[in-house]
Amino acid sequence: MLEYEWNILEQYEIDVTDIRKIRGAFLCDSGQGFFLLKEVEASEKRIPALYELYEYLYNQGYTGIDRIVLNREGKCVTETDDGRRFLLKEWPAGRECDVRRPTELLAASGNLAKLHILMKHQMEHPVTAGMHLKEEYLRHNRELKKVRKFARGIAPKGEFEFAFLKYFDQMYQWADVAIRELEASGYEKLYQESIESGCMTHGEYNYHNVLILRQGGHVAVTGFEKFKRDVQVEDLYYFLRKVMEKNGWKIRLGDNMMNAYSAIRPLEKEELEYLKIRLIYPEKFWKVVSTYYHSNKAWVPVKNVEKLTMAIRQNEEKKRFLEEIFAFHL
């Protein structure tokens, strides 16, 4: 059992004593600490930049990361005989951030600010720029309209189609307003300055990728594979939205998370405006609808219907948050 993985690990200068399978990877125990063996998801041309980022952060003293380990040949990636490609990373000894513990969420928010300060850095290897937000939202809106046309033509309609069509106008209004707010904002300048000054985002800063370390309760961050050049507050929006969806959009919690971030890296007016616009857009609703449209529509799982109704309900909770924190009224 796990002979395949043991063969890969022989390509490294580490003495692994035990391997166990975890979500999408293999956790390796050794006398030198923990390591994670994972099949490469990032494109081959992104790996050198990813390695450079990890080494830069580590050399800046930000050591709580899943740093890439080079194999015996001095390469980041180990390719097997059957063409599969693997990365081995140092793995911080800790557990996932608990979305029910405000102290951990505030620590993770402050940690993100520290990370962003370091990630304003010009890299030697090219780093992909994030998509312009207006282009992204226009794509989403076109897809929503396409799904509406499709759902209208279905006979007989299922529970998902009925719920989608019933609430489409209400949800699309939020999507349309987000674009109008974006056009009237200082986003264009913020985006261009972020790209030119070398600002980078983690790309997937969520509670799965934030670890609370066993010793001292400090924060470590993993999973930088989706990093890019972009407006850094995108990470704060993503983390905030994910946490708030799990906590019923509690106003005090969200406000405290934003304060924990801005206490270390103060948020500019344009960044607060950007954060507001990101929250206005009904992203959870679009994601559920997009998943439905690109899947087997002949049979829609009950779970998808539940996700759709939850996205609609949570938008009402988010509305109160926007009113209280940003004084935004639709």
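Axes here are lines fitted to C-alpha atoms, for helices over the stretch in contact, and angles run from 0 to 180 degrees between N-to-C directions. By that rule, the axes of α5 and helix α9 (residues 269–280) come within 8 Å and cross at roughly 160°. This is a predicted model, in which local features need pLDDT of at least 70 and side-chain atom pairs count only at pLDDT 80 or more, while totals for chains, interfaces and linings use all residues. Residues are numbered from 1 along each chain as its sequence is written, and side-chain values use heavy atoms, with hydrogens and water left out.

**Helix α5 and its partners**

- Helices (H or I, at least four residues) and strands (E, at least two) are DSSP runs, numbered from the N terminus.
- The crossing angle of α5 and α9 is roughly 160°, which makes the two helices roughly antiparallel (the word for angles over 145 degrees).
- The contact, meaning heavy atoms within 4.5 Å, is made by Trp174, Val177, Ala178, Glu181 and Leu182 of α5 together with Lys276, Ile277 and Ile280 of α9.
- Helix α4 (residues 133–152) packs against helix α5 (residues 159–183) at an angle of about 160°, with the axes 10 Å apart, and α4 and α5 are therefore roughly antiparallel to each other.
- Residues of α4 that meet α5 include Leu133, Tyr137, Leu144 and Arg148, and among those that α5 brings to this contact are Phe164, Phe168, Tyr172 and Ile179.

**Helix α3**

- At 1.5 Å a residue (the expected span being 1.5 Å times one less than the number of residues), the 17 residues of helix α3 (residues 102–118) should span 24 Å, and the end C-alpha atoms are 25 Å apart, which agrees.
- The buried residues of α3, those under 20% relative accessible area, include Glu104, Leu105, Asn111, Leu112, His116 and Leu118.

**Two single residues**

- Thr201 lies in strand β8 (residues 200–201) and is buried, with a relative accessible area of 0%.
- Not counting residues up to four places away in sequence, Thr201 touches Met119, Phe227, Lys228, Asp230, Val231, Gln232, Glu234 and Asp235.
- Leaving aside neighbours within four places in sequence, Leu70 is in contact with Tyr12, Tyr51, Lys75 and Cys76.
- Leu70 and Glu90 are 20 residues apart in sequence and 10 Å apart in space, C-alpha to C-alpha.

Definitions and conventions:
Angles under 35 degrees count as roughly parallel, over 145 as roughly antiparallel, 65 to 115 as roughly perpendicular and the rest as oblique. Buried means under 20% relative accessible area, exposed over 50%, partly exposed in between (1.4 Å probe, protein chains only).
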